[in-house]
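Hi,

Here is the structure I promised to hand over. Have a look at it first, and then read on for what turned up.

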Amino acid sequence: MGLDWIGFGYAALVASGGIIGYVKAGSVPSLAAGLLFGSLAGLGAYQLSQNPKNVWLSLIASGTLAGVMGMRFYNSRKVMPAGLIAGASLLMVGRLGLKMIEKPHDS
């Protein structure tokens, strides 16, 4: 069992997006949401590293962000940051969905 590097990278992307939103625009909600969802995604990546079938926290965090940021992208048509996070979140949801249906490997 290795580390879920993709999951940790996604968590870092989400958290850094919140920090950048705060630095550039002074947006406290962006900071709070970025750090909250980045932390949840990081914890989910840690859980996934320990047990490859434990996808629920990561799935909830990425699914929620895909929905929220997808709606923001749909309404604003701005790729940064809504489109980027929505796209990355959709990719994570797809990846986690594949992990759910993946058969366990015998060692």
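Helix H1 is the main contributor to the nonpolar patch, giving 3 residues. This is a predicted model, in which local features need pLDDT of at least 70 and side-chain atom pairs count only at pLDDT 80 or more, while totals for chains, interfaces and linings use all residues. Residues are numbered from 1 along each chain as its sequence is written, and side-chain values use heavy atoms, with hydrogens and water left out.

The patch lies on the surface and consists of Ile19, Tyr22, Val23, Val28 and Leu35, which together have about 450 Å² of accessible area. Patches take residues with over 30% relative accessible area and no salt bridge, joining like charges within 9 Å and nonpolar side chains (Val, Leu, Ile, Met, Phe, Trp, Tyr) within 5 Å. The areas are Shrake-Rupley values with a 1.4 Å probe, and for residues only the protein chains shown count as cover. H1 (5-25) and H2 each supply at least two of the patch residues, and Leu35 sits in H2. Helices are DSSP runs (H or I, at least four residues), numbered from the N terminus.

Next, the helix packing. The axes of H2 (residues 28-50) and H3 (residues 56-76) come within 7 Å and cross at roughly 145°; axes are lines fitted to C-alpha atoms over the stretch in contact, with angles from 0 to 180 degrees between N-to-C directions. On the H2 side the contact (heavy atoms within 4.5 Å) includes Phe37, Leu40 and Leu43, and on the H3 side Leu57, Ala61 and Leu65 are among the residues.

There is 1 salt bridge, defined as a side-chain nitrogen of Lys or Arg within 4 Å of a carboxyl oxygen of Asp or Glu. Arg95 and Asp4 form it, at 2.4 Å from N to O. Arg95 is in helix H4 (residues 79-101) and Asp4 in the segment before H1, 91 residues apart.

Two backbone details may interest you too. The Met80 to Pro81 peptide bond is cis, with omega near -5°, and Pro81 is in H4. Arg77, in the loop between H3 and H4, has a positive phi near 60°.

Best wishes
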